[in-house]
Amino acid sequence: MTAPRFLASSALRLAAVFAVIFALGGALMFTAFYWSVASYANASIRDDLRTETRILLSDGGAENPAILARRVASRIQAADALKYLVLDAEGRVLAGGLAARPTVAGFSEITAPAPPDGRETSDELATIEVLVTQLPRGSLVVGKSTYAIHELREWMGLLTIWGVIGMTVLAAIGGLASGAVLARRLDRVNAATARIMQGHLSDRMPPIGLGTEFETLRQNLNRMLDRLEASMEAIRHVSSDIAHDLRTPLNRLRHRLEHARANLTTVEAFQATVDLSLTELDQTLDIFAALLRIAQIEAGAGRSGFGPIDAGQMMQRVFEAYQPVAEQAGHVLEFRTETGAIITGDEDLLVQMVSNLVENAIVHSPAPAHIGLGARIEDDRVILAVRDNGPGIPSADLSKVTQRFYRLDHSRGSPGSGLGLALVAAIAALHDARLSLQSGEPGLVASIGFERATTESLVA
Amino acid sequence: MKLLLLEDDAETAEFVRRGLTEAGHTVDVAATADDGLHLALEGAHDVLIIDRMVPGGDGLSVVRAVRDAGKATPVIFLTAVGGVSDRVEGFESGGDDYLVKPYAFSELLARVQALGRRSPSIDLRPVLDVGDLQLDLAARSARRGLTRLDLTPQEFKLLEFLVRHSGQVVTRAMLLDKVWGFHFDPKTNLVDAHMSRLRAKVDRPFGQDLIHTVRGAGYTIDDRA
């Protein structure tokens, strides 16, 4: 096995843990088994003795020692498993024979030599369980060898020891084997991790097997990798965006300053160049700030500031802010809302999002245009919408306009960074809201669907 | 006014110091959090200008320490990060205003002056006035001379902010921030559009203008006549 050392040792640890658990469990189980079988055997011997005594003493056996002696004599011939002793009042043996003469009434255990019939070695002692019954004219002793019980106990003791040893060994082997399997599976995961670290970012974890928990782990790891890959892709994208779209204006600025240094002679001309340069620098800085903001929002910043918002009131704020702007540009701005359109989010960001859409409509629509904004409730959703009857966006471009720096051909000449809708999309995504851009025939309908929150959350 | 500037970049600090001095203020400059806190606790400054990121600690911790020492000196934060949570953090630690780098110097000057002039007694007056313009804050009504001005709530709010800072320059960014609660830079001339409506009601019918445009900076309201 080429597994790294920690995996090999983890297999070993697993085996040791299994072995200990099974050894303890096995010992406990076998001991309980041992005790219950032994006590059952003992109880069954006493049962036999009680029954035998009852049969012997019935029908005059108890009162007449002669009858009892006769019965015992016939029993001895019939069943040699039991041993008997019948004594008269003076203690003389009337029938049967035992090595000892127990006198205490009730059950007791006596030790007797092994039966002399050659079945056992002569020096081996056997214990006999006896039941002594005092009679009016003598006493009766019925006994049974417990040799078989001792045999059973001995045998079960051995079984217990070997059973525990066997189970422990099997558990250790099982632990080692499953540890090795786990190690081999994790080996594959480690190999995949190493590949990903080497830069194969689109590689994913192989199936681990071994059940649903590991499959869930694999899926989670892969989802994490998806997110990371997307983030890195986004960063790479932003980097190239910055390289392209920020260097261009900076380069222009540099040319202008070079030109001023080389050719301008009057203070007025210099001032004009400086003013122009400042304006351009500000625009470049704005782009930079917008990019940072989008990146921050995409990274999930701002979720901590989420709270309940009355979308209608929020849209009204935007409406009141932009109504004079629209009017000055020769447009008509209209506002409509429903009450109870409560959503959860960051009001600062949402105001910026809606403002972006309204500003787009104001800037890109030729006057006089009708621009409408509002909030409406659809089932359990709240839809914020901004619509205009301007030129709209060609359907081929609708899916691309939310990309950073994507600009429609006809708007390239007008001011704007190409980041507005990217910011709108980022803010919507932060709120798990669905942004949809549709052709309004004519114009554009931008709507953002939020999950509707309860009115109570606004009070709380 | 006496100002404290906590800024670690020597060139920026010198540029800002020179600008503020030319505007008639005295400026103490500190480059580290320790020096900044030391100066802030020792000197009687009218406004503290605190960079968020300085060697030896966060500008936030300096302001917290100043507040903990019982000083209520107005604070304006300068920061390179302009996220929503950063702004909230700034206010929570005891900041009064917040400016994101890069900023125009005129913006900083206007905000510093607005903070320094702020005095609780002015804030509590029930009626504010500039020239013959009177604002009744309780009734939310405005008059010029004997003529009552018909203002929307939004217009009243804008006028109130101007009048509270009469004689000072208020920038568009300040107005967006304080009047509209917009913490971003609109692409359209939002402030100018509202201002021209306001002027049409406050100034145009009366012959004498109170609201003036300050080129390259913002607006101011005063009785220059």
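## Close-up views of a predicted two-chain model

**View 1. Strand β13 of chain B and strand β14 of chain B form an antiparallel pair.**

**View 2. An open sheet of 3 strands in chain B has the order β12-β14-β13.** The pairing in this sheet is antiparallel. Its edges are formed by β12 (170-171) and β13 (211-214) of chain B; each has a single partner strand, so one side of each is left without a neighbour in the sheet.

**View 3. Helices α7 and α8 of chain B pack at an angle of about 125°.** Helix α7(B) spans residues 153-164 and helix α8(B) spans residues 172-180, and their axes are 10 Å apart. On the α7(B) side, the contact is made by K157(B), L158(B) and F161(B), while α8(B) contributes L175(B), K178(B) and V179(B). By class, the residues of this contact are 4 nonpolar and 2 charged, with no polar residues.

**View 4. Helices α7 and α8 of chain A pack with their axes 9 Å apart.** Helix α7(A) comprises residues 347-364 and helix α8(A) comprises residues 420-430; the angle between them is about 145°. The crossing of α7(A) and α8(A) is left-handed. From α7(A), the contact draws on L349(A), L350(A), Q352(A), M353(A), N356(A), L357(A) and N360(A). Facing them from α8(A) are G420(A), L423(A), V424(A), I427(A), A428(A) and L430(A). The contact of α7(A) with α8(A) has 9 nonpolar and 4 polar residues, and no charged residues.

**View 5. Chain A and chain B meet in a contact that takes 25 residues from chain A and 20 residues from chain B.** On the side of chain A that touches chain B, the elements giving two or more residues are α5 (267-298), α6 (311-328) and α7 of chain A. Which element gives the most to this side of chain A? Helix α7(A) does, with 8 residues. By class, the residues on the side of chain A that touches chain B are 12 nonpolar, 8 polar and 5 charged.

Methods
Residues are numbered from 1 along each chain as its sequence is written. Chains are lettered from A and ligands numbered from 1 in the order in which they are written. This is a predicted model: local features need pLDDT of at least 70, side-chain atom pairs count only at pLDDT 80 or more; totals for chains, interfaces and linings use all residues. Axes are lines fitted to C-alpha atoms, for helices over the stretch in contact, and angles run from 0 to 180 degrees between N-to-C directions. Helices (H or I, at least four residues) and strands (E, at least two) are DSSP runs, numbered from the N terminus. A crossing is left-handed if the near helix is turned anticlockwise from the far one by less than a right angle, and right-handed if clockwise. Two residues are in contact if their C-beta atoms, placed from the backbone, lie within 7 Å. Ala, Val, Leu, Ile, Met, Phe, Trp, Tyr, Cys and Pro count as nonpolar, Asp, Glu, Lys and Arg as charged, and the others, Gly among them, as polar. Two strands pair if DSSP finds at least two bridges between them.
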